[in-house]
Structures are given as C-alpha cells and as structure tokens.
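Open the structure in your viewer and keep the selection tool at hand. The stops below go one selection at a time.

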Amino acid sequence: MSERRYTEQEEALEIKSLRRIIAAYANYQDAAERDVKRYEWSFKMLPPAHKELLFHLGLKYQRLRWCISMNAAFIMNMLEAFEPPFDMSQYIDTGGHDHPSNMHNHSHVDCTHSSGRGDNPTISISISNSSLDEQHDNPKEGAKTHESSRETDYKKDEEDQMAGCSQPVGSNLGTSQGVDVSCNGDTNARAAAYYQDKDVSSSSAVDNVTPRHCTGSSFKLNVPPIDVDKVRCIVRNIVRDWAEEGQKERDECYKPILEELNRLFPNRSNQRPPSCLVPGAGLGRLALEISSLGFVSQGNEFSYYMMICSSFILNHTQEANEWTIYPWIHSNCNSLSDNDQLRPVSFPDIHPSSAGITEGFSMCAGDFVEVYSEESQESAWDAVVTCFFLDTAHNIVEYIEIISKVLKDGGVWINLGPLLYHFADSYGPDDDMSIELSLEDVKKVAYHYGFVMEVEKMIETTYTANLRSMMQVIF
C-alpha cells in the first residue's frame, strides 16, 4: 500500500497537536494539585467550630496528594514508553493552545501483526495523520466542551436507544438510558490518629519523573481544563477496560457482543479466521477479546489520548495487576466514605500478551471515515462491531454507509450504544455539523444501505462508573 508524504505544514500541525496531548498527560499532577489546594482553601474558610468538627479533612488532602502522585508515576512511565511518530524535538510550540486546522488528508499505513521479543506479541499500531487532529482529537470523551467526561456527557435526557443492524444477518444490541446530574469534584495529630489504621498511605509524594518526550519549555504549558479532563477520563477508562472492577461493565457491554459473534461464526478456522473491525476501540479490550475468540481483529481509534495508553497496556505491561491507580479521587461527590473515594485499582486484570490473541490483531490510529473510506477497505471485513461509537459522528449516515462498504457480502454489523450525539450542543461561529437521527431513522438509513435487522435488544449498562458511588447513571 502506498503512503502519501506529509507536507512540512502538515507535519508541523501534527507535532503541535501531539505535543499538546503529551503536555496534558505531563501536567496531570500539577492540575490535580491545584484542586487539592482549592479544597484546602475552602476548609480554611470554615469557622473554627466547623473546622473542629471536620478535623480529619486535613489528612485526607495529604492522602489525596499521595494518590495523585501514584497516578502521575504511572502516567510518566506510560509516556516514557511512547514512541512518537514524529521527531518531537522540532517545531517547538511558541504559544497558547490554539487548535490546529482540521486535517482531512491522510496516509493509511497497513495494519499488520508483528512479533515482539520472545513469546510476547507486539500489537501493531498504524498511524494516520488525521488521528492527531486536536480540534476533535477525542470524540468519545471530549466533543462536548461543557461536559468533562463520558458519564457527565450522558446526563442529558435522551429517549433514543441505539440499535444496530446486520448485512444480511446480524445482531442489534441497544441500551436503555437514564438521566444524570453530576458535580465537580491544617493536618493535626487528631487527624493522624483518626487515619492511622486506614489502608491508604499518607506518605509524601514520589518525585516527578520527566519522560524524554516532555523536556523543554514547550511542555510547561497552562493546560486547558478540557485537556485535563480528558486525561482523567482515560484513567477511568482503564478501569472499564483493564481492571477487575470493570468486569461488570464489560459483562454488560462486551459479553453480548462476543456471544453474538460466537453464534454468527460458529465454525472459525485457524487457517482462515474471520476478520472483525472495531471502530472506536478505546483502550483496546473489546478488540483483544474478539481476537481471543479466533478472529483477525483490528481496533480503530481516533483519540491519541486513548492510543498512547492502549499501546502501553497492550505492549509494555509485563504481568497481570502490574500497576495501581486511584481513579476516583477527582470527585468529592456521592462518596459513601473517604476510603471508597481513595481506594486503589490494579490493572491489567489479564496480561494482554498471554490472552491467546489471534495472529493479525492490530490497532489502527486515525479517523474512521478517512481511513476506512479507502478503496483497499471495500468488502474487507466479515464483521464490524461498534460499541458506544455511532453517536460520535458528525454525520451518522456517513458512518453507516462506510460500514456497509467495508463489509463483505453476508457480513455482520453488531452495534451497542446510545444516541447521545456528541456534537449536538456545539454553539458559536465555528459550529460543528451534527446530524442527529432518531432510532427509527437510523434503522431506515441502515435498511437503505442493505442491512437487515435480525436481533434487537435493549441492554441497561453504565460507562466508566464508580461502583461505590451513591449515584449510578444507567444507559
């Protein structure tokens, strides 16, 4: 497959975008520290009698700092392992957080499996230059700038439930939805005594680690709040995809998809395994599970926030439960106890390289529309699986058209997820196009492109939910 060369201007824009994403990761600890200082300031404003009643909060804030430092240590290790697709030493940012131009040209590098050292396979990651477009770098997590996370995105009152189609046979897995309302999230001897038997250490923070990609003044940025929120979304997505605590969500969302693939492809051959494309693959767990079933599986992801993290987990973890993070520390709302808020989560729950994946498993970075509109992708896939993906479209009709084109005759499309269109609330002079269809209209569009509905279900689930929160958002 041929590869179009980047122009100098395109490369400069891509590097600027990627530097901003790395800066958001590298500034995680500083942003979190500002939150803790705000908590402390609010505590200091209390009347003396109220401070006396809440004396333990001082040490809680120190525990928060320790948890933040543990999260930051993981992030810095992740950045250390990241190999940028460009020479990051050039095109130094000279100011601000301006969004680069939306880039529609791309070169789709062939996504193939390659062997790593020893018996551990390396997950091939292909780069499309459109994948670094910072204007909409993460439609799954950041399209709605007024909301900071997937769960807060879904607080909007939605009556539509997403269903999928098949061509000509397949499955439709929808979700029912609910309404969410969300909020943001003087140490003394008595506080120390209060917490001395608790299970979260209050030791001092670890030293900052500076990855080789984050040196230089260009990474000392005032990171926009939306970028800070995207990093925190990634931390929660780690729980959903790669922690034991996320098994409930995976059973609700991924298990029905895997069961349907098993039903539709009962006689899979090791010599000629069926192929499955997973757009909006996130951190890669669903694509990996499909590969472990005996499919040649390719995940496609637009967000480089996601891709940096998924590459680290898939290719650089050495054993199960190697890392520990504290994913719930950034919100003080709806906690049953401080210990619930500050509890650790270990990951990955399985060692990815030991999961029995089929040769050919890969992750492809790039915009779904641009990458899979290529002629080489026509009739290339036996199955397409979309999970919490369709509503990331500017034009959902275009998504369905491309899905129909990439499927072989008799191919299957399995979909699960809501219809909370991510660009529905874009306001201002640079409004993003957003086509927002009802479920009924989505089915009509799918029928137009040759799909025949075979199975339709409504499934209740959550997305990156804190299982110990007093409030749960059900889709």
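Select Cys-364 to begin. With a relative accessibility of 0%, below the 20% cut-off, Cys-364 counts as buried. Keep in mind that this is a predicted model.

**Cysteines**

Now pick Cys-253. Is Cys-253 buried or exposed? Its relative accessibility is 0%, so Cys-253 counts as buried. Next, look for disulfides across the whole structure: the search finds 0. Cys-253 is in no disulfide, and its nearest cysteine sulfur belongs to Cys-387, 5.0 Å away. A disulfide would need the two sulfur atoms within 2.5 Å.

**α8 against α9**

Select helix α8, residues 225-242, and show α9 with it. What angle do their axes make? They cross at roughly 70 degrees and come within 7 Å. The two helices are therefore roughly perpendicular to each other. Display the side chains of the contact. From α8, take Val-239, Arg-240, Asp-241 and Trp-242. From α9, take Glu-249, Arg-250, Cys-253 and Tyr-254. Colour this contact by residue class: 4 are nonpolar, 4 are charged and none is polar.

**α9 against α10**

The crossing of α9 past α10 is right-handed. On α9, highlight Arg-250, Tyr-254, Ile-257, Leu-258 and Leu-261. On α10, their partners in the contact are Arg-285, Leu-286, Glu-289 and Ile-290. By class, this contact has 6 nonpolar residues, 3 charged and no polar.

**Last selection**

Finish on Arg-250 and Tyr-254. Both take part in the contact with α8 and in the contact with α10.

Definitions and conventions: Residues numbered from 1 in each chain as written. Predicted model: local features only at pLDDT ≥ 70, side-chain atom pairs only at ≥ 80, totals over all residues. Heavy atoms only, no water. Left-handed = near helix turned anticlockwise from the far one by under 90°. Helix = DSSP H or I, 4+ residues; strand = E, 2+ residues; numbered from the N terminus. Contact = heavy atoms within 4.5 Å. Nonpolar A, V, L, I, M, F, W, Y, C, P; charged D, E, K, R; others polar. Buried < 20%, exposed > 50% of the residue type's maximum accessible area, 1.4 Å probe, protein only. Axes fitted to C-alpha atoms, helices over the stretch in contact; angles between N-to-C directions. Parallel < 35°, antiparallel > 145°, perpendicular 65-115°, else oblique.
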